[in-house]
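The entries follow in the order I made them.

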Amino acid sequence: GDASGIQSPLSFGGFGALTRHLGRLSSAVVDSLEADSLQKADLGLVSPYLPNLSAVWLFQRAMSVRPSGKLPPSYFINKLLGTNFRVMKKLGDGVLRPFNQDVVQFVPLTLTLGGMMVAEPLFIPVLLSQLGVRPIAQWFVHYVSLALYTILYVTVGPVFSLVGKTSKSAKLRFRTRRLLDALKFGSGLDYKA
């Protein structure tokens with residue numbers, strides 16, 4: 001999944017995670033050909049920014065060694081993963097299963113982060129020290145984008161869906177469907193249990 005370039009750098013699902021995108025990608029290719037939308041800007045819509053996947057890179061960063069050579073405390077990765085999965089298990093399958101399939105959603109992510117802060121409040125300074133303020137600020141932009149994509153998909157997604165199905169313009173259908181795909185997959189709301 002991560003080798004495909006469209007999944008997270010912290011892939012638990014591998015090929016299975018990649019298959020999540022096959023329908024989206026094949027529909028996008030067909031729509032692009034039908035609409036003669038083959039310019040660079042058009043094709044860029046086929047592989048859009050997905051904030052739910054961008055938000056995952058902080059987890060990967062937390063478990064890697066910086067080029068500066070600063071090593072995390074020996075307990076760091078086990079504690080981070082242990083706390084994360086313990087909290088998600090308490091939150092139930094609706095949180096744990098999507099995460100294990102590389103589907104990050106705003107509400108489960110927020111609940112997990114909040115649960116981790118409550119479960120291990122003294123681990124927060126260690127985490128901040130390991131990650132640094134700047135990467136956390138950069139990550140926060142993706143987190144806010146995840147919230148925005150979620151809100152937009154739920155509120156205006158049905159309108160985009162209608163336009164994508166009924167417009168007489170093939171180019172408008174192509175662009176609308178790609179925007180809808182970006183919101184749906186970028187919010188993780190494509191996940192089906």
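I first settled the term for handedness: a crossing is right-handed if the near helix is turned clockwise from the far one by less than a right angle, and left-handed if anticlockwise. The model I am reading is predicted.

Entry on H6 and H8. I looked up the pair formed by helix H6 (residues 76-91) and helix H8 (residues 106-119); their axes come within 9 Å and cross at roughly 115°. I noted the crossing of H6 and H8 as right-handed. From H6, the residues in contact are Leu-80, Thr-83, Asn-84, Val-87, Met-88 and Leu-91, and from H8 they are Leu-111, Thr-112, Gly-115, Met-116 and Ala-119. Sorted by class, this contact has 7 nonpolar residues, 4 polar and no charged ones.

Entry on Asn-84. I picked out this residue of helix H6. Is Asn-84 buried or exposed? Its relative accessibility is 5%, and the cut-off for buried is under 20%, so Asn-84 counts as buried. Leaving aside residues up to four places away in sequence, I found Asn-84 touching Phe-99, Thr-112 and Met-116.

Entry on H11. I then turned to helix H11, residues 170-186, which has 17 residues. From first C-alpha to last, H11 reaches 23 Å, close to the expected 24 Å. I listed buried residues of H11, among them Arg-173, Phe-174, Asp-181 and Phe-185. The buried residues of H11 pack against helices H2 (22-34), H3 (40-44), H4 (51-54) and H10 (133-166). Last, I checked what comes just after H11 and found Gly-188 with a positive phi of about 80°.

Note on methods:
Residues numbered from 1 in each chain as written. Predicted model: local features only at pLDDT ≥ 70, side-chain atom pairs only at ≥ 80, totals over all residues. Heavy atoms only, no water. Helix = DSSP H or I, 4+ residues; strand = E, 2+ residues; numbered from the N terminus. Expected span 1.5 Å × (residues − 1). Buried < 20%, exposed > 50% of the residue type's maximum accessible area, 1.4 Å probe, protein only. Contact = heavy atoms within 4.5 Å. Axes fitted to C-alpha atoms, helices over the stretch in contact; angles between N-to-C directions. Nonpolar A, V, L, I, M, F, W, Y, C, P; charged D, E, K, R; others polar.
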